[in-house]
Amino acid sequence: MANVAVIGAQWGDEGKGKVVDWLASRADIVVRFQGGHNAGHTLVVGEQTYKLSLLPSGVVRGKLGIIGNGVVLDPEALLAEIGKVTAQGLSVTPENLRIAENTPLILPLHPALDKAREAARGEDKIGTTGRGIGPAYEDKVGRRSIRLCDLAEPATLSAKLDELLLHHNSLLRGLGAATFEKQALLDGLLALAPRLLPFSEAVWERLDATRHNGQRVLFEGAQAVMLDVDHGTYPYVTSSNTVAGNAAAGAGIGPDAIGMVLGIAKAYTTRVGSGPFPTELQDEIGRGLGERGREFGTVTGRPRRCGWFDACMVRQAVKTGGIQGLALTKLDVLDGLEELKICTGYTIGGESYRRLPSAAGAQAAARPVYEVLEGWTSSTRGARSYADLPAAAVKYVRRIEELVEAPVVLLSTSPDRDDTITLRDPFAG
């Protein structure tokens, strides 16, 4: 049986939580390979709703969860999340959660710098969550990071804090923000060490062993391809590579072990924060999509911007993200609309495009070219087979497949994990 990597095919918030939960029930190990606690997955299991930001979704299903080295980890946020799900009846221990020993840590100075920069940008702010993700990744590539393994070496930790503070306090002073004292940071990290180090290991060794014992691995992505730091709508992107190729580097395995790449896309489009959004609807239809779809960020609570399905953008995500099949979510939100529109391309300065250009000015100037399709009046909510869908809904899904050049292999018709039409088993390869 193959492994599966799940990534977002739009700007995030596509409903990955439900799909990952459904797949996690059939996997042996679930690995988070990038991002931080700036992303959230909502899992509805019976009467319980779990909102996860760092914990791999597999822990809800009693599976082994791994936080890979590609993640930037806020220790306090992780421990708070463990406390929250423990209160809901889950048990999270070193028996079912492992963290790569070389995972970089987010310290209090990272969100402080993140927020100070956003404030300095004024109206040109990027729309970050202010949780320090970007500054933590900067330290990683700048070779300044405090990593989980450093907590086991107080002398190393002390010396690395000197270098880190030299950099960050200079920036904070320049932005008119408060600076940090070394001893307080050192004491805080040493106090956290006995609570975090039991979870630490060289997870690449464990993942290498899965090749020989037939275990199935689910690689769980955060955010989405169009927020990828290289391939997204830069600079309105996240700070990591969200494409499936990063599952290898972010987990410590070879690219041949990633398996099938499943992209998650809503039957319409949403975005949180700033940045270009060619199909955005600022009218009653857009507000209706937001209300019916309960479009609020899992982590931030911010209302999501809503618009028509952008097939041109998803096709781009399919190509750059390595997506082999789509899981289309929230089809039921479109119930009752008399007509639907799908973006098939853009016009920019009088020229036609089938992709979003890389330049920020051209992205902002992109205007959608629409194809109009018939809507449907009967409900798709809870459908579990194509036979349960209105003919117009089937036609809509089929047209999306043609335009994005990828098959729809899963179709979600409600937040309930069982309300899923399975057209192909992702674990079958």
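**Exercise 1. How many Å separate the centres of domain 1 and domain 3, taken over C-alpha atoms?** Then describe the contact between these two domains.

*Solution.* 
Step 1. The model is predicted. Start with the bounds. The domain assignment places domain 1 at 3–103 + 199–261 and domain 3 at 264–422. Domain 2 covers 108–197.
Step 2. Take the C-alpha centres of domain 1 and domain 3. They are 24 Å apart.
Step 3. List the partners in contact. Domain 1 gives 40 residues and domain 3 gives 45 residues.
Step 4. Turn to area. The size of an interface is often expressed as the accessible area lost when the parts come together. Here domain 1 and domain 3 bury about 3,100 Å² between them. Carbon and sulfur atoms account for 62% of that area.
Step 5. Gln10, Trp11 and Lys18 supply 24% of the area that domain 1 buries against domain 3.

**Exercise 2. At what angle do helix H5 and helix H6 pack?** Classify the packing, then give its handedness and its residues.

*Solution.* 
Step 1. Locate the helices. H5 spans residues 154–174, and H6 spans residues 182–196.
Step 2. Read the geometry. The angle is about 140°, and the axes lie 10 Å apart.
Step 3. Classify. Roughly antiparallel requires an angle over 145 degrees. H5 is therefore oblique to H6.
Step 4. Assign the hand. H5 and H6 cross in a right-handed sense.
Step 5. Name the residues. From H5 come Pro154, Leu157, Ser158, Leu161, Asp162 and Leu165. They meet Lys182, Leu185, Leu186, Leu189 and Leu190 of H6.
Step 6. Sort by class. The contact of H5 with H6 holds eight nonpolar, one polar and two charged residues.

Notes. Residues numbered from 1 in each chain as written. Predicted model: local features only at pLDDT ≥ 70, side-chain atom pairs only at ≥ 80, totals over all residues. Heavy atoms only, no water. Axes fitted to C-alpha atoms, helices over the stretch in contact; angles between N-to-C directions. Helix = DSSP H or I, 4+ residues; strand = E, 2+ residues; numbered from the N terminus. Parallel < 35°, antiparallel > 145°, perpendicular 65-115°, else oblique. Left-handed = near helix turned anticlockwise from the far one by under 90°. Contact = heavy atoms within 4.5 Å. Nonpolar A, V, L, I, M, F, W, Y, C, P; charged D, E, K, R; others polar. Domains from an automatic or database assignment. Buried area = accessible area lost by both parts, 1.4 Å probe.
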